[in-house]
Amino acid sequence: MGMLPKSYEGQDCSLARALEVVGERWTLLVLRDAFYGVRRFTDFQVHLGVPRAVLTERLRTLVVYGLLTRQPDREQPARHQYTLTDKGWDLWPALHALRSWGEQHVPASNGPRRLFVHAICGADIDATSSCARCHRQVSPEEVLAAPGPGLNPEVSQDPVSAALQEPHRLGQPLAVAPTRPPTERTALADAVMGHAG
Ligand SMILES: [Zn+2]
């Protein structure tokens, strides 16, 4: 298999330029999580299960292009929080439209894991980010992400998935329980396994 060129050099097209920013594997999922209110490296990592080096690189790219800001974490000195900028927020309609396309053309058997509703009236947001009831375009700040029929809490047990089992307003920081140190988690898993077995 031939190597793909690293960039879309020679493609003088806005889509190609946009893909230079968000077209790498994981990038749109990192942004999706940022819309869900994930802000800490560890939380992105446990939710996405992406290798740390890849996540570091994707976050760095998003900061360099100005879609996320990286600021010191007040609660955890020496760590950082990543927050969407206006430039990042502007990707919501495209991200949501792509998600909706996936739901229509490559659907999950149990239905969508997440539903998106207008926080003010409770009606569904369509693929163009319009509210069916209010008949207008809804900005992401007005959108609630709620658990859908395809969400299986048995499968996703990380702290971010747990926090997202409650409806959550996009962009608002997600209250994620601190990840337990691996030793403690292993001990707990052993205890659970022992109990079950
Ligand atoms: Zn509405």
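**View 1. Helix H4 and the glycine after it.** Glycine 66 follows H4 and has a positive phi, near 80°. Helices (H or I, at least four residues) and strands (E, at least two) are DSSP runs, numbered from the N terminus. The model is predicted: local features need pLDDT of at least 70, side-chain atom pairs count only at pLDDT 80 or more, and totals for chains, interfaces and linings use all residues. Residues are numbered from 1 along each chain as its sequence is written.

View 2. Arg58, Leu59 and Leu62 of H4 are buried (20 or more other C-beta atoms, placed from the backbone, within 10 Å of the residue's own). Seen down the axis of H4, the directions to the C-beta atoms of its buried residues fall within an arc of 95°, so these residues line one face. Ala53, Arg60 and Val64, on the other side, are exposed (12 or fewer).

**View 3. The largest nonpolar core.** This core has 27 residues; Ala34, Phe35 and Leu68 touch the most other members. Such a core is a set of buried Ala, Val, Leu, Ile, Met, Phe, Trp, Tyr and Cys residues joined through C-beta atoms within 7 Å. H2 gives the largest share, four residues. Domain 1 (14–88) and domain 2 (91–169) both contribute, so the core lies between them. The domain bounds come from an automatic or database domain assignment.

**View 4. A three-stranded open sheet.** The strand order is S3-S6-S7, with antiparallel pairing. Strands pair if DSSP finds at least two bridges between them. S3 (114–118) and S7 (168–169) are the edge strands. Two bridges join S6 (residues 143–147) to S7. Alanine 145 stands opposite histidine 168 in S7.
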